[in-house]
Amino acid sequence: MGCLASSEAPVTPEREQNDVIDKQLRDDKQRIEKEIKMLLLGTGESGKSTILKQMQLIHGVGFSDSERVSIREVIVKNLLQSVSAILEGMTRLEIEFGDKATAAPLVDTFHELAKAVNPAAVDPALVTTIKALLTDEGVKTALSRSKDYFEHIDRITQPGFTPTDQDILRSRVKTTGIVENTFLIDNTTYRMFDVGGQRSERKKWIHCFENVTAIVYMAALSEYDQRLFEDENQNRMKESLQLFESICNSRWFTKTSMILFLNKIDLFKDKILVSPIEAEFPEYEGGPRYDLACAFFQEKFEELNRSDSKEVYIHLTMATDTTQIRFVMAAVRDIIMKNNLVDAGLL
């Protein structure tokens, strides 16, 4: 008995075209899922580097013992910088010491001892001096955003102090140039770029503008009443709004996912109770209500987007809260992947 050989269907031009399209779709999907390039942009001290640290904790390998030791020096310096900032602020705002006769020699002692501090073995006399200054009623009046370090002064200044994750997240080092970190998340490579936010650093940004998948723009809500470090005549929030407008509407980013983090909501919530927003933004009429204040600034940013086809995805964030940032970044990943699939015609 013979066997009948099966025959393949003839290859038609239509089938060839379908095969080409199918292959292109598969290649596009693989390319999209392979790598995401994300820029962290914003003015100085808006929280960009903190987000990168959070990604290292959540999706990286965390911080090694040697990294923690090196960050210890940063944290001690931040503590001393906070004291200096309070003393300078008291002079600028004309806040008097509660007991000037006692405080004056303490200030002199602080400046003298802080000149030659050893972060690995902080002089106990310096710690005692700082603690004494913190009891002054005038200093208490000036004390605001630096409370966290002062609450942990004994632990931070102990010999052999090892920074916790939260210490590291709250540490501050001015970013210069461009810092790149790579993370593998759900088989997708994320290349994240952190950049210096000061005006002098922004001319370097263009070097990483090509082939950007998403931008996370950081704006610190709590800076609505502060001035730029590099220009004391310019309000920080107004500078951030101007910078966002130029980034959001740039020809470089017409098809780039735009995510806006309105950051430092914890500081903002406290500050609006004592520093009226309307002093800097007279058009605001919501008083010290947190929900209305957030909505006001959210609208300020949203109205700067001149594209009908581009959506700005906004999140209220506290960059030092790992649990919240884990949730927010998961939502950001979903937004990015969805937008990329839409752009490729796969959704």
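**View 1. Contacts of Asp136.** Leaving aside residues up to four places away in sequence, Asp136 touches Phe97, Gly98, Asp99 and Ala103, where contact means heavy atoms within 4.5 Å. The model is predicted: local features need pLDDT of at least 70, side-chain atom pairs count only at pLDDT 80 or more, and totals for chains, interfaces and linings use all residues. Residues are numbered from 1 along each chain as its sequence is written, and side-chain values use heavy atoms, with hydrogens and water left out. Asp136 sits in the loop between α5 and α6 (137-142); helices (H or I, at least four residues) and strands (E, at least two) are DSSP runs, numbered from the N terminus.

View 2. Asp136 is buried but has no salt bridge. Buried means under 20% relative accessible area, exposed over 50%, and partly exposed in between (1.4 Å probe, protein chains only). A salt bridge is a side-chain nitrogen of Lys or Arg within 4 Å of a carboxyl oxygen of Asp or Glu. The nearest side chain of opposite charge is that of Lys140, 8.8 Å away; Lys and Arg count as positive and Asp and Glu as negative, while His and the chain ends are not counted. A polar atom of the Asp136 side chain lies 2.9 Å from the backbone nitrogen of Gly98. For the backbone nitrogen of Gly138, the distance to a polar atom of this side chain is 2.8 Å.

**View 3. Helix α4 and its buried face.** Helix α4 (residues 100-114) has 15 residues and should span 21 Å at 1.5 Å a residue, which agrees with the 21 Å between its end C-alpha atoms; the expected span is 1.5 Å times one less than the number of residues. Ala103, Leu106, Val107 and Phe110 are the buried residues of α4. Seen down the axis of α4, these buried residues fall within an arc of 110 degrees, so they line one face of the helix. The arc is that of the directions from the helix axis to the C-beta atoms. Their cover includes α3 (65-92) and α5 (124-134). Exposed on the other side of α4 are Ala101, Asp108 and Glu112.

**View 4. Positive phi at Glu45.** Glu45 is not a glycine, yet has a positive phi of about 65 degrees. Glu45 lies in the loop between β1 (35-42) and α2 (48-59). Its relative accessibility is 24%, so Glu45 counts as partly exposed.

**View 5. Positive phi at Asn211.** Asn211, also not a glycine, has a positive phi of about 55 degrees. The loop between α10 (199-202) and β4 (214-220) holds Asn211. Asn211 counts as exposed because its relative accessibility is 70%.

Conventions. Polar contact = N/O pair within 3.5 Å; in protein donor to acceptor, adjacent residues only side chain to side chain.
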